[in-house]
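Colleague: Hi! Could you walk me through this one before I set up my calculations? I'd like to go topic by topic.

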Amino acid sequence: MAGGIRENHGDDLPENHEINVTPFIDVMLVLLIIFMVAAPLATVDVNVDLPASTAKPSPRPDEPIYLTIKQDLSLNLGNDALPREQLAARLDQQTDGNKDARIFLRADKSVDYGEFMQVMNLLRDAGYLKIGLVGLETLPGSVAPPQGAAGATP
């Protein structure tokens with residue numbers, strides 16, 4: 001029969017229709033090692049004095065919830081003093097248990113960054129992840145207004 005199909009005659013190997021993934025796995029392992037080495041180098045470890053923000057403030061909700069850290073490290077929710085142990089319960093009471101409510105956090109200029117982060121951790125532990133930081137609004141190229149000046153916005 002002329003032009004027929006050969007069935008395993010001779011030294012030819014049969015065709016294999018499977019994808020060889022070994023080179024793909026090798027490339028992925030090399031990339032994994034590269035990213036594992038490069039990731040720690042991408043962190044920033046530089047001391048910096050952050051400037052005031054000139055960004056436009058986001059729109060304020062109808063009834064904003066302000067949590068204030070005063071100079072003596074005491075907390076105020078709105079205008080009421082609040083012990084740290086009662087923060088979660090009072091926030092749940094004020095927000096009716098809505099964990100998606102935005103909490104506006106403001107702190108005195110002299111509050112230590114570590115203390116500020118402790119309060120943010122208390123908020124996170126209570127389930128409140130939408131936290132807005134409040135600062136003084138300044139114009140581009142201008143100096144921040146003096147303490148107690150009008151114009152403090154979230």
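**Contacts, rings and helices**

Modeller: Happy to! Let's start with Asn 76, which is found in strand 2.

Colleague: Good. Before we go on, what kind of model is this, and how are residues numbered?

Modeller: This is a predicted model, so local features need pLDDT of at least 70 and side-chain atom pairs count only at pLDDT 80 or more, while totals for chains, interfaces and linings use all residues. Numbering runs from 1 along each chain as its sequence is written, and side-chain values use heavy atoms, with hydrogens and water left out.

Colleague: Back to Asn 76, then: is it buried or exposed?

Modeller: Buried, with a relative accessible area of 13%. The classes are under 20% for buried, over 50% for exposed and partly exposed in between, using a 1.4 Å probe and protein chains only.

Colleague: And which residues is Asn 76 in contact with?

Modeller: Leaving aside neighbours within four places in sequence, Asn 76 is in contact with Tyr 66, Leu 67, Thr 68, Lys 70 and Ala 81. Contact means heavy atoms within 4.5 Å.

Colleague: Where do the two partners lie?

Modeller: Tyr 66 is in strand 1 (residues 65–69) and Phe 104 in strand 4 (residues 103–107), so the pair ties together parts that are 38 residues apart in sequence. Tyr 66 is buried at 15% relative accessibility, and Phe 104 is buried at 3%.

Colleague: Which residue lies over the face of Tyr 66?

Modeller: Arg 106, at 4.5 Å from the ring centre. The test asks for NZ of Lys or CZ of Arg within 6 Å of the ring centre and within 35 degrees of the ring normal.

Colleague: Nice. Switching to helix 2: which residues are buried there?

Modeller: Leu 87, Leu 91 and Thr 95 are buried in helix 2. Seen down the helix axis, the buried residues of helix 2 fall within an arc of 50°, so they line one face; that arc is taken from the directions from the axis to the C-beta atoms.

Colleague: What do they pack against, and what's on the face turned away?

Modeller: They pack against strand 1, strand 2, strand 3 (80–82), strand 4 and helix 3. The face turned away carries the exposed residues Ala 89 and Gln 93.

Colleague: What comes just after helix 2?

Modeller: Asp 96, with a positive phi of about 55°. Most residues other than glycine have a negative phi. Asp 96 is exposed at 73% relative accessible area.

Colleague: What about Leu 73?

Modeller: Leu 73 also has a positive phi, about 70°, although it is not a glycine. Leu 73 lies in the loop between strand 1 and strand 2 (75–77), and is partly exposed at 30%.

Colleague: Last one: what does Met 120 touch?

Modeller: Leu 105, Ile 131 and Leu 133, not counting residues up to four places away in sequence. Met 120 is in helix 3 (residues 113–125).

Key. Helices (H or I, at least four residues) and strands (E, at least two) are DSSP runs, numbered from the N terminus.
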